[in-house]
Amino acid sequence: MISRSHSFRRGFGALVLAVVAACADSTAPTPAEGPVGTPRPAAQVTRDTAALRAFMQAEGNVPIPVVPPASLLAAGSADLSRTLSLSLRSTVAPPVVGGQTLEATDVAFNEGNGNERFAYVAYSKRGEATLGAVDVIRISSRSNPKLESRVTFTDTDIFSLAVGGGRLYLVGMTSDAAFVERAVLEVVRLDSDGNLPATYSSTRVQLPSFAGTSVHVQNAKVWVTSGTGGPNTGGLSVFDATTLRLLSRTVLDDARGVSGDSATGVVVVTQGTPGRTSVFSHTTNQQLGATLATGGATIPEARGDVAVNRNWAFIAASNGGTKVVRVDGTGGVIRGNGIARPVVAGLDSTLSTVNGVAGVSDGVDAWLFTANGEAGVYAYFSNHPSIAATATPTISSLGRLAFPSSISANFIRIDRDGSHLFVASGLGGLRIVDID
């Protein structure tokens, strides 16, 4: 169990993912300004909470043990004192659009007015059909999360999302013939509570390449990555968060993930095939230092999540495991060998890839979680919050999260106050886990 002498925790993630993999500087919506959205016939909103209730199943707060690696158990060196107490609160079934079941792709968190807290969940359709959705789940009551609203799209996959300033920022891929390239940033104003509006309208901005891959809000700017393919190569596009005016664009092939930390003033971008990492100033939008060859990430079209916690970036490098980079105003430095992807007896290694990473910290120590496909979710203990700038974190494996039924973990997120863990399991839906 976590030491009560350091009971205050904050979530961090990509993403994020987060905040969380996709976090905003402010925690409460402000009156949204900027471009007025236009109606979207391909987007349909439901706020019928009675109908939406059928998609959410209470799980009775079933405990989720953390099973230490067999090697530690055999050696008698498993440290159970550092394991957090976890329990399964709810499962959210994915939307069905046009007869096709969608898969969750990202989660972002925000505070609404009056301390109303929401989780925003993005969905897409695996394969060519461009179908997407966003769920809004009220998590103000820890014991009773509620699916408050849902928007579905018949022309756009949603791969990532972020929240800030009363707006929801979505990135993905569209089949709308009006777009020369398929990568798109879409922005919708939320209502004063932080929920989806009853009548959906949005502003859409074309991005270079085939698909928008990740989005992050920081320093009153929207940081968006888009991949390779289409008439142009993607990279990092930075927009004014209010007006959506393009502030800068840096060409980066196969850009996959973006996140940052306002206190440190950096934004971290990941690339794939092979894995690379770049650090940018959130003030000048310019790259700090050289691009790092972090390795891994050689699986085409895989995720490239990055979780940033002050001066530390944790990178989900798919077949390369989790990479650890120290970041500051001069750039980044790779520290240590990171975390190897889990090896599970009887499971093909190609099915055990690090798709996402998130963490929770009490300010002195931290607990990291990785989403590893069919290998499931693994937990680790890290001392990175309290070590010297020149030191390398010590990261210890705590074990695998033993969910009541097997899952294939596509991504993972932790909310702002470190009380909820969200795990996406493909067509199996979204798990909401309490952290105590």
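Tutor: A residue is called buried under 20% relative accessible area, exposed over 50% and partly exposed in between, with a 1.4 Å probe and protein chains only. The model is predicted, so local features need pLDDT of at least 70 and side-chain atom pairs count only at pLDDT 80 or more, while totals for chains, interfaces and linings use all residues. Residues are numbered from 1 along each chain as its sequence is written, and side-chain values use heavy atoms, with hydrogens and water left out.

Student: What percentage of the residues of the chain count as buried?
Tutor: The accessible surface of the chain is about 15600 Å², and carbon and sulfur atoms hold 52% of that surface; such areas come from the Shrake-Rupley method with a 1.4 Å probe, and for residues only the protein chains shown count as cover. The chain has 436 residues, and the buried share of them is 58%.

Student: How many strands are there in the chain?
Tutor: Helices (H or I, at least four residues) and strands (E, at least two) are DSSP runs, numbered from the N terminus. By this count the chain has 2 helices, and the number of strands is 35.

Student: How is the aromatic pair of F118 and Y120 classed?
Tutor: Rings of Phe, Tyr and Trp (its six-membered ring) pair if their centres lie within 6.5 Å; planes under 30 degrees apart count as stacked, over 60 as edge-to-face and the rest as tilted. The whole structure holds 4 aromatic pairs. In the pair of F118 and Y120, the centres are 6.1 Å apart and the planes stand at 45 degrees, which makes the pair tilted.

Student: Are F118 and Y120 buried or exposed?
Tutor: F118 has a relative accessible area of 1%, and Y120 has a relative accessibility of 0%.

Student: Which ring does the charged end of R150 sit over?
Tutor: A charge sits over a ring if NZ of Lys or CZ of Arg is within 6 Å of the ring centre and within 35 degrees of the ring normal. The charged end of R150 is 4.1 Å from the centre of its ring, which belongs to F55.

Student: What is the bridge partner of F280 in strand 24?
Tutor: Strand 23 (residues 276-281) pairs with strand 24 in the antiparallel sense over 3 bridges. The partner of F280 in strand 24 is Q287.

Student: How many residues apart are R89 and D434?
Tutor: A salt bridge is a side-chain nitrogen of Lys or Arg within 4 Å of a carboxyl oxygen of Asp or Glu, and the whole structure holds 21 salt bridges. The side chains of R89 and D434 form one of them, at 2.5 Å from N to O. R89 lies in strand 6 (residues 86-92) and D434 in strand 35 (residues 430-435), and this link between distant parts of the chain spans a separation in residues of 345.

Student: Which loop holds E128, the salt-bridge partner of R182?
Tutor: The closest N and O atoms of R182 and E128 are 3.0 Å apart. R182 lies in the loop between strand 14 (167-174) and strand 15 (183-189), so the pair ties together parts that are 54 residues apart in sequence; E128 lies in the loop between strand 10 (117-124) and strand 11 (132-138).

Student: Which strand holds R138, the partner of E148?
Tutor: The side chains of E148 and R138 meet in a salt bridge at 3.1 Å, N to O. E148 lies in strand 12 (residues 146-153), so the pair ties together parts that are 10 residues apart in sequence, and R138 lies in strand 11.

Terms used. Pairing = 2+ DSSP bridges.
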